[in-house]
Amino acid sequence: MVSFLITQFSPYSAVSQLQKMVFVKKIGLHEGLSSVNVKKIIKDTKGFIWIATQDGLNKYDGKKIVSYGKETKGISLSNVDIWDMQLDTINNHLWILEYDALDCIDVVNQKTIKKYNSDFFSPLVGDNVWLKQMALIGDEIWIGTNSATIILNTKTNAISQLNSYSKSKRFEKSINSIESLFYENANCIWLMSPFEGITTINPINKSVINQYGFSDSAAITIKPNNNNRAFYSVKKINTNEHLCATTSGLITVYTDGKGQLDFNKGYKGFFFRETIKSVDYKNNKLLIATANGLYSIYNNKKIAFFDATSREYGDWFENITNVNEDESIIYIASQKGLGIITSKPWLEKFTKSLDNKRFEHTYFQHPVNDSVIFISTPNEFIKFNTSNLRAYSIAEGKPFYFSFLLDDSSLLVSSNNQFYIYKENRLLPVQNAYPELNKISSEAFNSMQRVNKDEYVLGSESQKGIYIWNKKTKTCLNISTESKSPRLLTNIVNYVFVNENKEIIVLSDNYVSRVNSTTGQVTNIQYKDALGKTYTFYFDLIEGKDFYAITVYGQGVLLTDKNFRIKKTYALKDGLTNLGVYKLFNYNDSIIYVTTNNGFAGINLKTGNLRMFFESDGLHSNSFEEGSGTIYKDKIFAGGNNGFTIIRPSELKLNSTPPKLYISRCFIETKKMLIDSSALELTKMGIPNDVLQTTIYFSAINWSNPDQIKFAWRVKERNNEWSNIGIQNFITLIGLSPGTYHIQVKAANEDGVWSEPKELVLEFLPKWYQTWLFKLLVFLATASIIYAFYRYRIRQIEKQHAIRKNIATDLHDDLGSTLNSVKVFTNLAISGVKQEESLQQVKDNLTEATMSLRDMIWVLDDSLDTVDELVTRLKQFAFPITAASSMELVISAGSDVNSRNLTKEEKRNLFLICKEAINNSIKYSGATQITIAIIPAGKKIQIIVSDNGKGFDEATVKKGYGLKNMQYRAGQIHYKLEVNSTSGTVIKIIPG
């Protein structure tokens with residue numbers, strides 16, 4: 001039996017090194033990279049990746065690339081062909097070495113702060129300078145060129161050349177090319193030349209310590225390549241030990257810390273004959289990029305990385321220029337772009353083999369030991385070794401659904417029309433080993449479980465129910481709709497399961513059937529939704545200590561007690577991204593894992609939390625196959641489209657580190673201009689009053705899974721609740737009123753761990769009419785208008801009050817006295833005293849009272865407030881009495897004054913003045929004609945009343961009450977009275 005296992009399932013070929021399949025996230029032109037020829041990559045103190053390329057500089061936060069060139073805003077370069085970068089972590093300055101220039105960038109404020117172009121260097125080294133590599137030493141930058149070593153003092157901007165390196169006659173010739181520099185410590189810097197070897201220099205006094213040529217017995221032989229290159233990079237692995245990447249392999253360099261070097265080929269017994277492009281060393285793990293591939297050396301094991309995303313093995317790894325590892329993430333600079341490999345100890349995915357056999361779709365994976373897996377696909381049955389990544393095709397040309405390992409280590413394999421046993425690397429008909437299975441040899445099966453020592457149950461994919469096979473008795477019993485007892489209600493079987501009580505549970509369409517393997521009793525269960533609709537497709541079942549879990553396609557996961565009573569259903573509302581649920585896996589009775597049509601779900605039974613995993617987490621794809629799922633030891637094997645994934649639940653830890661969050665950009669669009677700020681530590685910004693919209697961008701650094709970073713934001717002044725915007729990394733503000741707003745943003749990693757909020761204070765400036773000064777002026781103007789209106793209204797009321805008072809006075813003085821006279825004369829007439837004369841007086845007084853009353857009514861009538869109505873009223877009054885006195889009356893008013901409006905006070909007083917003047921002419925002048933002329937006087941009118949009578953002497957005639965009364969009335973309405981009585985009498989009523 002042991003020999004059978006060795007023959008069947010051991011790796012089929014010995015290999016000198018382990019192979020590891022990795023998936024490289026590739027960043028190129030399509031993702032926004034300025035060039036695929038990447039020279040170097042550096043991670044800054046904020047977590048951003050800076051990418052130096054042949055055509056510019058790029059910044060990457062895991063989701064978006066920002067490119068910079070000669071004319072880009074904020075960060076601009078002197079040239080775009082970048083050869084080296086160095087980070088000053090103290091000042092957060094990134095030094096960019098271009099072909100013929102040197103630039104310094106402030107990575108926090110996102111701007112170029114210093115530029116040294118070719119004109120700066122040419123006076124010292126000529127016009128054909130080629131700046132290759134640099135080293136930062138305090139305030140000095142040492143630059144290796146094609147002709148010399150340049151030293152730049154960044155504080156004084158003084159530049160000098162290291163003129164002589166010679167220590168012996170062998171090195172009298174000046175080194176004419178420095179391709180690489182390595183700053184070992186304060187006592188030593190290495191200058192590496194492809195022609196002369198390594199020269200160690202004291203960086204303080206600039207003196208030569210020692211020189212090591214290619215032919216020295218102390219130095220290992222290094223042969224420059226066709227591009228005149230011998231050295232690529234140096235990596236310190238401890239105080240006195242360094243690794244040097246050269247064209248002749250990996251060299252270990254031992255130092256005394258003072259410039260004395262000793263060389264040894266290889267590293268701990270591992271040798272590379274090909275060119276080493278880059279080395280990196282962290283946590284006792286060595287990462288090596290050669291001209292042919294990528295390798296790591298760890299725990300005395302050499303692992304060759306296999307790029308599963310390339311069509312051909314080594315296709316992408318053959319072009320690496322620089323590699324480094326940080327926090328279990330490998331960053332690769334390549335001539336094909338930027339590559340990122342994320343190490344996930346809890347997960348491995350496989351999409352193809354080392355010999356390029358692609359696993360386009362997998363129905364089932366069956367691990368039989370720690371390295372060998374049998375894979376069932378739609379057209380092939382494959383044996384795959386995960387240690388050397390080699391695949392062997394056992395059978396082709398038909399679909400293979402399922403395989404099962406018996407206790408005797410026999411492997412049963414089911415295809416669409418044949419049941420096989422696997423022997424000697426080939427499939428044979430199952431009846432060759434087990435004749436009793438001859439009657440089912442042409443059927444397909446989807447599941448198989450052991451019932452007891454010698455008994456197994458098989459679920460038919462051919463819609464024939466289940467089969468119970470007893471190896472000892474060599475019998476095979478069919479249980480279906482046609483069997484008598486036990487009997488199923490349907491022949492459709494999706495999965496068979498045997499619980500801890502040896503009860504067979506059959507999952508089919510519409511039913512969960514419990515078959516007692518001892519008594520043969522069958523109990524059928526139907527589950528229904530809230531509307532009473534029967535659940536249809538039951539695909540998988542697992543058993544826990546006190547629960548069962550069942551996947552129901554289209555409904556979710558049912559969690560039941562041991563009596564199959566539903567306790568909870570997990571569906572979309574609980575976090576599932578798809579209800580196409582398939583296989584279940586129980587981990588320590590605490591977490592249930594589920595494969596779906598969109599991701600891999602983990603349900604925590606203790607907390608109720610549900611966590612989803614996707615292709616961005618490292619899965620082979622987001623889509624799984626219905627029957628593809630099994631557990632071997634502590635590993636879950638599940639597959640579908642584009643291969644399969646191995647998951648180690650014990651290694652699956654919560655990412656408790658929140659993303660590093662930055663407000664990376666504030667873009668303001670106004671009517672006149674665009675304002676763009678990219679300072680990472682921006683905390684406050686003023687927004688112009690003609691703003692159209694403001695867009696705020698965020699960057700969250702989480703290199704373990706940048707695609708699943710989610711954001712939320714709020715405006716403190718408007719809402720205390722956070723607004724989740726998913727993976728969208730910007731917000732747009734439109735129509736905010738002037739004022740100060742605190743914009744807060746936070747980010748969550750793939751496990752929902754939120755960062756502390758970042759805050760940006762935006763001060764929206766008011767327009768001129770929104771300023772406090774303008775509002776104060778408006779308030780004062782409004783108050784003034786209201787007060788003026790108030791005063792005007794008071795004056796109007798006072799005028800009305802005065803009119804009423806005058807009318808009351810008139811009623812009292814004029815009409816009252818007249819009526820009193822009527823009363824007196826009426827009493828005289830009644831008593832018989834001068835009866836006829838008294839009645840005449842009564843008549844005259846009543847006529848006068850009637851006329852006075854009409855005058856008052858006319859004054860109060862709002863519709864008669866015009867000059868034309870005044871003329872009419874004068875005519876109504878004057879014509880009867882002048883006619884009775886045999887006097888001629890002429891009243892004239894031009895058309896330009898007829899329509900002018902008069903106030904009630906003007907109307908009343910002008911009428912009464914004219915009336916008084918007419919009465920005086922009738923009584924005293926002896927005139928035969930009275931003339932009244934109304935003419936314009938600016939915005940007002942002028943009235944001239946004249947007669948042709950005898951007049952009077954103003955000097956000798958004492959002014960009576962009537963003339964005084966006329967002058968008083970004229971003054972009330974801001975008119976004045978002029979009297980001229982030389983020949984007749986002329987009275988002018990003129991605006992004052």
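Let me begin with a definition: Ala, Val, Leu, Ile, Met, Phe, Trp, Tyr, Cys and Pro count as nonpolar, Asp, Glu, Lys and Arg as charged, and the others, Gly among them, as polar. Keep those classes in mind. One caution as well: this is a predicted model.

Cavities next. The structure holds three of 30 Å³ or more. Which residues line the second largest cavity? They are Asp61, Lys63, Phe698, Ser699, Ala700, Phe711 and Asn729. Sort that lining by class and you get three nonpolar, two polar and two charged residues. Strand E61, residues 691-701, gives the largest share of the lining, with three residues.

Now the helices. Two packed helices are described by the angle between their axes and the distance between the axes. Our pair is H5, residues 867-884, and H7, residues 904-925. Their angle is about 20°, and the axes are 11 Å apart. Angles under 35 degrees count as roughly parallel, so H5 and H7 are roughly parallel to each other. The crossing of H5 past H7 is right-handed.

Which residues of H5 and H7 meet? On the H5 side, we have Leu870, Arg873, Leu874, Phe877, Ala878, Ile881 and Thr882. On the H7 side, they meet Lys907, Leu910, Phe911, Cys914, Lys915, Ile918, Asn919 and Ile922. By class, this contact between H5 and H7 has ten nonpolar, two polar and three charged residues.

Last, two spots in the backbone. Some background: most residues other than glycine have a negative phi, and most peptide bonds are trans.

Serine 485 and proline 486 are joined in cis, with omega at about -5°. Where is proline 486? Look in the loop between strand E42, 475-479, and strand E43, 495-498.

Spot two is asparagine 157. Its phi is near 65°, a positive value in a residue other than glycine. Asparagine 157 also sits in a loop, this one between strand E13, 149-153, and strand E14, 159-162.

To recap the places to look up: the cavity lined in part by E61, the H5 and H7 pair, the cis bond at proline 486, and the positive phi at asparagine 157.

Notes
Residues numbered from 1 in each chain as written. Predicted model: local features only at pLDDT ≥ 70, side-chain atom pairs only at ≥ 80, totals over all residues. Heavy atoms only, no water. Axes fitted to C-alpha atoms, helices over the stretch in contact; angles between N-to-C directions. Helix = DSSP H or I, 4+ residues; strand = E, 2+ residues; numbered from the N terminus. Parallel < 35°, antiparallel > 145°, perpendicular 65-115°, else oblique. Left-handed = near helix turned anticlockwise from the far one by under 90°. Contact = heavy atoms within 4.5 Å. 1 Å grid on protein atoms, 1.4 Å probe; cavity = no way out; pocket = protein on both sides within 12 Å on 5 of 7 lines; lining within 4 Å. Points joined across faces, edges and corners; volume = space filled by probe spheres on them.
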